[in-house]
Amino acid sequence: MAMEVTQILLNAQAVDSTVRKHAEENLKQFQEQNLASFLFSLAGELANDEKPVESRKLAGLVLKNALDAKEQHRKFERVQRWLALDPSVRAQIKACLLKTLSSPSHDASSTASQVIAKLAGIELPHKQWPELVGTLLSNIHQVPAHTKQATLETLGYLCEEVSPDVVDQDHVNKILTAVVQGMNSSESNIDVRLAATRALYNALGFAQANFSNDMERDYIMRVTCEATLSPEVKIRQAAFECLVAISSTYYDKLAPYISDIFNITAKAVKEDEEPVALQAIEFWSSICDEEIDIMEEYGGEFGADSEIPCFYFIKQALPALVPLLLETLLKQEEDQDQDEGAWNIAMAGGTCLGLVARTVGDDIVPLVMPFIEENITKVDWRQREAATYAFGSILEGPSPDKLLPIVNVALNFMLTALMKDPSNHVKDTTAWTLGRMFEFLHGSALDTPIVTPANCQQIVSVLIQSTKDVPNVAEKACGALYFLAQGYEDMETTSSSLTPYFQDIIQALLQVTHREDAGESRLRTAAYETLNEVVRCSTDETASIVMQLMPMIMMELHQTLEAQKLSADERERQNELQGLLCGCLQVIIQKLGSSEATKYVFAQNVQNTDQLMGLFLRVFASRSATAHEEAMLAIGALAYATGPDFGKYMPEFYKYLEVCLQNFEDYQVCAITVGVVGDICRALEDKILPYCDGIMTQLLKDLASNQLHRSVKPPIFSCFGDIALAIGEHFEKYLMYAMPMLQSAAELSVHTSVADDDMIEYTNSLRNGILEAYSGIFQGFKGSPKTQLLMPYAPHVLQFLDSLYMEKDMDDVVTKTAIGVLGDLADTLGTNAGPLIQQSVSSKDFLNECLTSDDHMIKESAEWAKLAISRAISF
């Protein structure tokens, strides 16, 4: 077989699909029959300089894919499979790969770099291949530049694959020395310098100790700043990418360098090629992100003992930085509004200006206003657009007091420009700016509204007119209507200024969805999103119009389900439309089902609900995950609105429910379905009992599976609580399965070594899900003669609460649920639980802490828990 490997790999890239499929089948068979021989053949192919470059590259790619996968469970299987191979075979494969690094073919050596890094990611954590870093470093001093380049690339990829704690500090120092030397201007080979600069980008996460040492940090910063001046554009770009990474990873170490960096970035923004200038702007955006995060975390209150001082780099740079960014706004591209993925200097500059406004607040306004006043009426569209973009960019951050006087003057001007400006670019940015005005400066929280009964009609009629404009302008006009409607969401009154225009707005948005060109610039999606928001924020006065809207949307959904013989593209568009229509119906059902004016009429209209359910079930016949998600959410809303009457749909719906709970591939569908099970429990209460065996079996299977995305697991635990609340003591038969699952998950969630924000967020959602399950189970058994069944589990629940309290890293949501569980346990188990609570290490401290909390939700839960505990302990 090895003899034929070259030909099979070439055939696998053939134009003829029959030849290609046959070759792919051969590769698959070879891998299944003898993995060791298969991987060795691939490594041999990659290492052989006499083989065609196409077969070598594919050999490396197939080898890499045999070691890695996107899905965690597949990745785990492949790693175990590699580690189970005979060590001598593994050593031969690794030797081939290291040999390939000195190949004159860059395609081959670069592919080998990636495979070596993948293997390092597998072996180094298992304390295997300890000699790898040393071998690579000895390569750096090799004479051929291409070997040096490939080795630096490998070191870069290795730092990306491997976690810093598996490489000892001595090796880290040597890697950084090699990389920084490769970046030095004394290195004559351009490819080597570029590989070194890119490797530094990946190695920065390893450099904590080096950045704490002044001399080493100075050296790294000097070489990086020098590389931003290289004659080679790719090296300059890579060096600025390093500065961007340094700005977020080592923000607290930047003070000595910041004025030099400002000069370097300013020069690049003004004079350099676009890819370099974009990174130079990104540096300041990144500094803004850091300072915004610090201020949000510390609420702007910095004492002398503040752990992460804010250096106010942006505030200091403001007088020079703002003019620099305003200048970039004039570098627009002709077609940027039509291209969804467009990104250029003007857009980057405007984005950065917006972040600067959020960082410094009011101070930015006097620096930007002269630019706006000077350019807003100029003949050249670029100047008018730049002035409008600058204005829109600074609307978030400064205080309403600072902005309102300006916005009140600007509003009329903007409405006129949206109607009359001859340039589509200007109209696009004007509609976006109006949307930002309504998003940040309109709503019940403001004392002086910018939208009043006096100007509301003009605003609405201009925006409606604008929804008929070219797609990119119409899409932004929809966005402005969205935020205009949203401003009325929290208003307590039964009437809003929009009420008289409600019908016209709905009509206009429906017309947009039917436009021939609605597929461009996300226009159709924007129109439906806005329609949903307008319905969501409507008042009882317009309920009858929402009632009339429902059959129209149902009819459209029906038509998409009837369409026959569609091409693949048409089918995709159809599925997207079904998702949008189901989403719209969900919002309408929620509105009609919760509004006093309509909820009884809606729930009683059986014909309507039957038709809705029939349409949603038909959507499940399509293969689109998005449409399935939206249909499932709409069914959840329908269950909530119809209550116990939803029971009649269960026999038919249950089949789809089960299929969606088994959908590990589209895990969002699975997660939403779990949530809908909760909605149905609340609607049907104990009428859901006949379906519980099937649902619980599937949920337990989901929890046990390593194929299901972890984010679905917390909602499954919450769902146990929903089921227990609905069926009460009948949950008895599931206790022996559910409780051990909750117990082991609880232990896991306490002892997580939390590394990053994502993990912290996940751990807290897992804890909350577990606590919601306990809460539902205790409440479900309350007053039942079977409460004794819960006694064996009570010590563990209290121990879990103790551990959470000791860890001191709960967020507010978990704290509220946790103190609630303490109350539920005391309330359900009564005096039986008294002694256990008194023995608990921290119940008393936890309760007292919550009783004095600033968060009124936590305080309320704690007061109820105190009452329940005092009854249980009888003091």
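Val814 counts as buried because its relative accessibility is 1%, under the 20% cut-off for that class. The residue is found in helix α39 of this chain, and the model is a predicted one.

**Val814 and helix α39**
- Apart from neighbours within four places in sequence, Val814 is in contact with Asn764, Arg767, Asn768, Leu771 and Leu804.
- Ser765 lies 49 residues away from Val814 along the chain, yet the C-alpha atoms of the two are separated by 7.9 Å.
- Helix α39 covers residues 812-829, and its 18 residues reach 26 Å from the first C-alpha to the last, close to the 26 Å expected at 1.5 Å a residue.
- Burial extends over most of α39, with 15 of its 18 residues buried.
- At the start of α39, Asp811 places a side-chain oxygen within 3.3 Å of the backbone nitrogen of Val813.

**Nonpolar core**
- The largest nonpolar core has 311 residues, and those touching the most other members are Val356, Phe438, Phe653, Phe720, Ile723 and Phe731.
- Helix α16 (residues 274-298) contributes the most to this core, giving 11 residues.
- Both domain 1 and domain 2 supply at least three residues each to this core.
- Phe731 touches Met696, Phe720, Ile723, Ala724, Ala738, Ile777 and Phe781, when residues up to four places away in sequence are not counted.
- In soluble globular proteins, nonpolar side chains tend to be buried together.

**Domains**
- The domain assignment divides out domain 1 (229-234 + 245-300 + 307-331 + 342-398) and domain 2 (733-755 + 763-874).
- A distance of 48 Å separates the C-alpha centres of domain 1 and domain 2.

**Helix α30**
- Helix α30 (residues 606-619) has 14 residues and reaches 20 Å between its first and last C-alpha, close to the 20 Å expected at 1.5 Å a residue.
- The buried residues in α30 include Asn608 and Thr609, together with Leu612, Met613, Leu615, Phe616, Leu617 and Val619.
- Among the elements covering these buried residues of α30 are α27 (543-562), α28 (568-594), α29 (599-604), α31 (625-642) and α32 (650-661).

**Annotated N-terminal span**
- An unreviewed UniProt entry lists residues 23-103 as "domain: Importin N-terminal".
- In the model, residues 23-103 are 78% helix and 0% strand, and the end C-alpha atoms of this span lie 27 Å apart.

Note on methods:
Residues numbered from 1 in each chain as written. Predicted model: local features only at pLDDT ≥ 70, side-chain atom pairs only at ≥ 80, totals over all residues. Heavy atoms only, no water. Core = buried A, V, L, I, M, F, W, Y, C linked by side-chain atoms within 4.5 Å. Buried < 20%, exposed > 50% of the residue type's maximum accessible area, 1.4 Å probe, protein only. Helix = DSSP H or I, 4+ residues; strand = E, 2+ residues; numbered from the N terminus. Domains from an automatic or database assignment. Contact = heavy atoms within 4.5 Å. Expected span 1.5 Å × (residues − 1). Polar contact = N/O pair within 3.5 Å; in protein donor to acceptor, adjacent residues only side chain to side chain. UniProt positions renumbered as here; feature names shortened; annotations may be inferred.
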